[in-house]
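Here are my notes on the model, point by point. Please read them with the coordinates open.

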Amino acid sequence: MCLGIPMKIVSKKGETAVVSSGGTRREINIGLLKEVETGDYVIVHAGFAIERLNQKRAEETLDILRQIGP
Amino acid sequence: MKYVDEFRNLKLAKKLSQEINEIAAGDRRYNFMEVCGTHTNTFYRFELKSLLPENLRLISGPGCPVCVTDAPYIDNAAALAGLRDVIVTTFGDMVKVPGSHSSLYQERTKGGDIRVVYSSLDSLEIAVKNPSKNVIFLGVGFETTAPTIAMAILEASKRKIKNFSVYSAHKLIPPAMKSILESKDMALDGFVLPAHVSSVIGANAYRFLKKFGLPGVVAGFEPLDMLQGILMLVRQSKSGRAEIENQYNRVVTNAGNKKAQHILEKVFKPCDAAWRGLGDIPGSGLAIRNEFKDFDAGKRFKLKKTRTIVPKYCLCGEVIKGIKMPEDCKLFCRACTPDSPKGPCMVSSEGTCSIHYKYK
């Protein structure tokens, strides 16, 4: 399943990080990402962070969506 | 949940729906294919069909990795599970998929050691904790998942874990899309492109669509993402444009995740693969490279291909290509249900038949 959910990096140590979303916490591997910092949001799939979520772009997308229609 | 809930806003969904309906209004029909099973799931779970105009059809494509895993693979996995010193580890979806004569579920009832894992790294830990057993991980999934399995193999190699191996059935999305377009079974006007496969391979990976004169939009998996993606597709299609656009740019970049691609290429190489329903597609699978052959279950256990037997009346092949709907299948909801599936489309939670059954 390609489902991946955005989760926030709460702490990191070497190639692992603890992420959190909606009350769930889990430990994941961040070895597929070049750099990632505490406070970043990442897409979590099968125990790994597969990409960072660009928060600025997320807000821009929501702004565009809010302006659609009358 | 942040960056999830905002993209499920019903008011904005209705505004998008209105916009799509206005732009698509007219005599023209629009047939778009969404490739990824997770998109199929969103479409039915959030009842997006009710928000789209009658003349716009969204067809489910073959992007369900469990659904397209062919029966010989399941047969081999079931046979491995029957061996006394083997632990088969797998993602949950695979357990009930029927092979020619058995399934992992059935092997488990006969005493086979089959364990569902969330991550391939969990499988590695099982290998560490059970040194006298051979632990095999069933590597099923597209470009989103394959890099994570590559990481597990690299970790196994680094830590010299000798009793761990992967049986790869990994597949690639772009060759499957090309195969569908070249078969000309469908008259398509464009593609809703996968979200997380694209986060790995990048939006540029779909530039081949230009050759077919078709637009493609990478769309996220939330309802507003899909609707905005469809809106962008309709706009392109109506004005005769054929470009790759990226609705999901909060995660997907044009180049993709280069590090993940590099790790994938380090461990795997493209190979020919058999897709249930689509047949053999050259260069569409991933095989473990020779330098990691110790972690290749196919080589270690000398697994061979057996003959495929398709259950009579099973339409999974056509459903996977989007030519037929589950409701066209004689077995749907009768002999074939989630409790007793006849084909993979009913087993996997991303399978079209399973989704139609759940949300009917």
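1. Polar contacts first: between chain B and chain A there are 12 residue pairs in polar contact, both partners at pLDDT 80 or more. A polar contact here is a pair of N or O atoms within 3.5 Å; within protein, one must be able to donate a hydrogen and the other to accept it, and residues adjacent in sequence count only if both atoms are side-chain atoms. Helix H1 (10–24), H5, H6, helix H8 (196–201), helix H9 (223–238) and helix H10 (258–267) of chain B are the elements that give two or more residues to the side touching chain A. Helices (H or I, at least four residues) and strands (E, at least two) are DSSP runs, numbered from the N terminus. By class, that side of chain B has 21 nonpolar, 14 polar and eight charged residues. For the classes, Ala, Val, Leu, Ile, Met, Phe, Trp, Tyr, Cys and Pro count as nonpolar, Asp, Glu, Lys and Arg as charged, and the others, Gly among them, as polar.

2. Ground rules: this is a predicted model, where local features need pLDDT of at least 70, side-chain atom pairs count only at pLDDT 80 or more, and totals for chains, interfaces and linings use all residues. Residues are numbered from 1 along each chain as its sequence is written, chains are lettered from A and ligands numbered from 1 in the order in which they are written, and side-chain values use heavy atoms, with hydrogens and water left out.

3. On confidence, chain B averages a pLDDT of 92, and 98% of its residues score at least 70; pLDDT is the predictor's confidence in each residue, from 0 to 100. For the complex, the predictor gives an ipTM of 0.96 and a pTM of 0.93.

4. Back to the interface: 43 residues of chain B are in contact (heavy atoms within 4.5 Å) with 38 residues of chain A. About 3700 Å² is buried between the two chains, with carbon and sulfur atoms giving 65% of that area. Buried area is the accessible area (1.4 Å probe) that two parts lose on being put together, summed over both. Tyr3(B), Tyr118(B) and Arg250(B) supply 18% of what chain B buries against chain A, more than any other three residues.

5. Glu125(B) and Arg159(B) pair at 3.2 Å, N to O. This pair links distant parts of the chain, 34 residues apart: Glu125(B) is in helix H5 (residues 120–129), and Arg159(B) is in the loop between helix H6 (146–158) and strand E6 (164–168). Glu155(B) and Lys158(B) have their closest N and O atoms 4.0 Å apart, and both lie in helix H6, three residues apart, about one turn of the helix. Lys158(B) counts as exposed because its relative accessibility is 64%, whereas Glu155(B), at 21%, is partly exposed. The cut-offs are under 20% relative accessible area for buried, over 50% for exposed, and partly exposed in between (1.4 Å probe, protein chains only).

6. Asn55(B) sits in the loop between helix H2 (37–45) and strand E2 (56–63) of chain B. Its relative accessibility is 11%, so Asn55(B) counts as buried. A polar atom of the Asn55(B) side chain lies 2.9 Å from the backbone oxygen of Ala24(B). Not counting residues up to four places away in sequence, Asn55(B) touches Ala24(B), Gly26(B), Arg28(B), Arg29(B) and Tyr30(B).

7. Beyond four places in sequence, its contacts include Asp185(B), Met186(B) and Leu278(B).

8. Finally, chain A has one helix and five strands, running β-β-β-β-β-α from the N terminus. Of its 70 residues, 47% are buried.

Note on methods: A salt bridge is a side-chain nitrogen of Lys or Arg within 4 Å of a carboxyl oxygen of Asp or Glu.
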